[in-house]
Amino acid sequence: MSAESTGLSARLRYWRLSFRHWRWGRPFWAGLLTLLAGVPIAYFPYANLTLGQLTVRMATTAGSGSLIIGVLLFVLGLTMWFQSAVRIFAGVASILLALVSLVVSNFGGFLIGFLLALLGGALAVSWAPGVPATDEPGEKAELPDGAPEGGGDENAPPGPPTLPEQSQGPQEPVEGYGQPEPVHAGARPDEETTEENGRHRAG
């Protein structure tokens, strides 16, 4: 494969992806159907049908009205493509013009233009641009494996409870703790009591 053909295929792929991105951002099929609807509505009143030696002219007294409806449908189709913000107005106008063409333009271009304009207008009204998905505010973030944000195993047993930190101010002695016990009369001589160490055994 030559470098020339590789460059051509790369350009074609780029154009195809660009067209797809452009098509997804607007009511493409609604605009296309509305554009096609204007062709039979505007064409048939000025066309001549030839059957052998017989020529049938399908023009009506409202030929100019058919031409105006066809041009308006063409403009509305372009509006759906390049001004998608007014797609609802363009869709409603297409539906109204399709209904008017039933009376003015040979039953709406022999029902072909009528059905195309009706379907294109309905698609334009119902189309809505896509909205990218975003996280709800206030949701708790989680790790990819589903573990809690703080880490660790959810099934692990809880650790020992921690006591609140005690203040370092002066504390009053509790009865029975930190005070020397008095020596009672008749106590054993090997037991003494001191203020610093409390009761202890001699030797």
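At what angle do helix α2 and α3 pack, and how far apart are their axes? In this predicted model, helix α2 spans residues 28–43 and packs against α3 at about 165°, with the axes 8 Å apart. Angles over 145 degrees count as roughly antiparallel, so α2 is roughly antiparallel to α3. The crossing of the two is left-handed.

Now look at the residues in that contact. From α2 come Phe28, Ala30, Gly31, Leu32, Thr34, Leu35, Ala37, Gly38, Ile41 and Ala42. They meet Ser66, Leu67, Ile69, Gly70, Leu73, Phe74, Leu76, Gly77, Leu78, Met80 and Trp81 in α3. Sorted by class, the contact holds 15 nonpolar and six polar residues, and no charged ones.

Leucine 67 counts as partly exposed, because its relative accessibility is 40%. Leaving aside residues up to four places away in sequence, leucine 67 touches Ala42 and Tyr46. Tyrosine 46 lies 21 residues from leucine 67 in sequence, and the C-alpha to C-alpha distance is 9.0 Å.

Next comes the pairing of α3 with α4. Helix α3 covers residues 63–82 and helix α4 residues 87–104. Their packing angle is about 160°, and their axes are 10 Å apart. These two helices are therefore roughly antiparallel to each other. Their crossing is left-handed. On the α3 side, the contact is made by Gly65, Ser66, Ile69, Leu72, Leu73, Leu76 and Met80. On the α4 side stand Ala90, Gly91, Ala93, Ser94, Leu97, Val100, Ser101 and Val104. This contact divides into 10 nonpolar and five polar residues, with no charged ones.

Conventions: Residues numbered from 1 in each chain as written. Predicted model: local features only at pLDDT ≥ 70, side-chain atom pairs only at ≥ 80, totals over all residues. Heavy atoms only, no water. Axes fitted to C-alpha atoms, helices over the stretch in contact; angles between N-to-C directions. Helix = DSSP H or I, 4+ residues; strand = E, 2+ residues; numbered from the N terminus. Parallel < 35°, antiparallel > 145°, perpendicular 65-115°, else oblique. Left-handed = near helix turned anticlockwise from the far one by under 90°. Contact = heavy atoms within 4.5 Å. Nonpolar A, V, L, I, M, F, W, Y, C, P; charged D, E, K, R; others polar. Buried < 20%, exposed > 50% of the residue type's maximum accessible area, 1.4 Å probe, protein only.
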